Amino acid sequence: MTEHRVTSPLGPLERLKALQGADLPVHGGRTLAYVYDSGEPTVDRIAREAVAAYAASNALDPTAFPSLLQMENELVGFACDLLDAPASAVGTVTSGGTESILLAVQGARDARPDVVRPTMVLPSTAHAAFHKAAHYFGVGAVLVPVGPDFRADPAAMAAAIDDSTVLVVASAPSYAHGVVDPVTEVAAAAAARGVRCHVDACIGGWVLPYAARLGREVPPWTFAVEGVTSISVDTHKYAYAPKGTSLLLHREASLRRPQFFASAAWPGYTMLNATTQSTRSGGPIAGTWAVVEHVGDDGYLALAGRAFEAVDAIVAEIDASPALRLVVPPDSTLVTLATDDSLDPFTLTDELLARGWYVQPQLSHADDGPSIHLSVSAGTLAHVDELATALAESVAAAVAAGPVSVDPGVVAFIEALDPAALGDDDFDGLLAASGLVGASADGELELPTRMAEVNAMLDVASPAMREALLVAFLDRLQRPSRGER
Ligand SMILES: Cc1ncc(COP(=O)(O)O)c(C=O)c1O
């Protein structure tokens with residue numbers, strides 16, 4: 001075995017800090033995807049200390065770690081109050097939005113053993129986690145196009161429900177456009193057919209109830225809506241908790257039962273799980289509990305107020321810029337914007353990053369062109385003036401840089417590839433043809449500092465080809481660092 005020699009003079013924690021310097025900042029309100037910043041250092045300190053105190057604890061066995069069970073039940077209780085859940089409601093802490101969604105789909109499938117080929121009816125804007133669930137659990141995804149306002153079309157969804165449907169889904173709000181689906185109508189259509197209705201409030205669940213209390217217009221979407229059987233809400237998003245927690249709530253315990261898994265079919269302990277994980281770190285649970293305990297209901301109301309003030313300011317900037325437009329007015333804290341023909345949207349995101357702002361490019365989809373996503377946090381409010389300046393400068397720089405075109409030879413190369421059979425040689429050929437992502441002598445990928453050309457290339461590829469290229473890319477990135485470091 002090769003000896004692993006660490007030649008760095010730094011200790012592990014110093015080295016960690018140095019490594020982290022390459023990452024997007026998680027504080028400062030300038031990273032407008034992936035992370036959610038309350039802007040309050042105390043929240044982060046409490047989270048850090050609670051995570052550290054429970055990092056080695058295991059929520060696998062609630063009798064061994066009853067404190068974690070208590071924290072879980074208190075978190076679910078808080079969410080039940082927030083989401084108008086009836087007294088019969090129950091819930092589980094999961095590791096994130098995707099796991100909550102996976103479990104909602106798995107539970108819906110397993111509650112209907114009579115359905116041979118189960119399907120679920122999704123608005124076309126539903127999060128990709130549902131496609132992952134379809135892939136994992138063999139539940140067919142019936143995609144229903146959304147209306148021109150990017151909200152689910154309830155009549156079309158009702159028409160798509162048939163005897164194979166085990167789940168109907170709505171979003172509150174959808175990630176890509178930030179709008180709330182007409183949950184009342186969608187849930188009524190599901191209930192009329194005796195089918196479960198899951199509301200994916202992973203990103204909006206901890207902020208929309210406060211938006212309503214702040215007097216903003218929010219269509220009904222919680223358990224107050226008849227027919228809603230389960231809701232996912234991520235605490236590691238707008239509850240500003242450390243990464244690694246989401247909640248999956250069910251209207252009543254019987255709906256949750258198929259989610260549980262027990263196995264006594266081996267000689268060890270009887271495995272008994274409520275989630276896809278078995279060992280569950282106590283760290284994220286304790287970190288989330290401590291943050292929710294510290295911030296509390298009034299604190300979340302204030303944080304939501306700040307996030308929406310920031311949203312309104314950003315919307316005003318977009319409205320004032322002739323080169324930019326909102327794709328749709330936001331219902332929540334997510335802003336989606338598009339550019340006019342005078343500039344390339346992917347150049348704009350690069351320019352913003354160069355000025356310290358991370359916003360997320362969204363590639364063209366179906367009939368819709370590329371757009372830019374912003375998840376706005378309370379922590380952004382203190383910096384909205386800087387964002388306005390950065391946006392204006394970035395628009396000017398992107399206009400000056402001119403359009404980004406993909407070499408016709410590269411387009412032809414991509415079109416000739418078969419996404420179902422994309423091999424290493426094809427990927428290497430594309431890297432060479434595009435000249436965008438280099439490879440060092442030892443074969444390690446060297447990432448480009450600007451992404452506009454890479455995004456433009458992905459934008460011309462079919463969805464299947466995008467998936468294949470990015471999988472090949474990830475496969476190349478995830479290679480062991482061996483020997484000396
Ligand atoms: C609406 C929605 N659903 C599900 C998810 C998936 O959550 P996670 O990334 O925590 O798995 C997200 C993430 O942004 C989301 O916005």
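Predicted model: local features only at pLDDT ≥ 70, side-chain atom pairs only at ≥ 80, totals over all residues.
Residues are numbered from 1 along each chain as its sequence is written. Local features need pLDDT of at least 70, side-chain atom pairs count only at pLDDT 80 or more, totals for chains, interfaces and linings use all residues, and side-chain values use heavy atoms, with hydrogens and water left out.

**Exercise 1**

Work out where lysine 237 sits, whether it is buried or exposed, and what it touches.

Step 1. Start with the record: UniProt's unreviewed entry lists Lys237 as "modified residue: N6-(pyridoxal phosphate)lysine". Such annotations may be inferred rather than shown by experiment.

Step 2. Find the spot: lysine 237 is in the loop between strand 6 (230–233) and strand 7 (246–250). Strands here are DSSP runs (E, at least two residues), numbered from the N terminus.

Step 3. Look around: leaving out residues up to four places away in sequence, lysine 237 touches Tyr36, Cys202 and Ile203 (contact means heavy atoms within 4.5 Å).

**Exercise 2**

Describe how strand 13 is covered and which strands pair with it.

Step 1. Strand 13 covers residues 371–375, and five of its five residues are buried.

Step 2. Sort the sides: Ser371, His373 and Ser375 point one way, Ile372 and Leu374 the other. In a regular strand, side chains alternate between the two faces of the sheet.

Step 3. Now the neighbours: strand 11 (residues 334–339) runs antiparallel to strand 13, joined by four bridges, while strand 12 (residues 360–362) pairs with strand 13 in the antiparallel sense over three bridges. Pairing takes at least two DSSP bridges.

Step 4. Zoom in on isoleucine 372: leucine 337 stands opposite it, and proline 361 is its bridge partner too.

How values were computed
Buried < 20%, exposed > 50% of the residue type's maximum accessible area, 1.4 Å probe, protein only.
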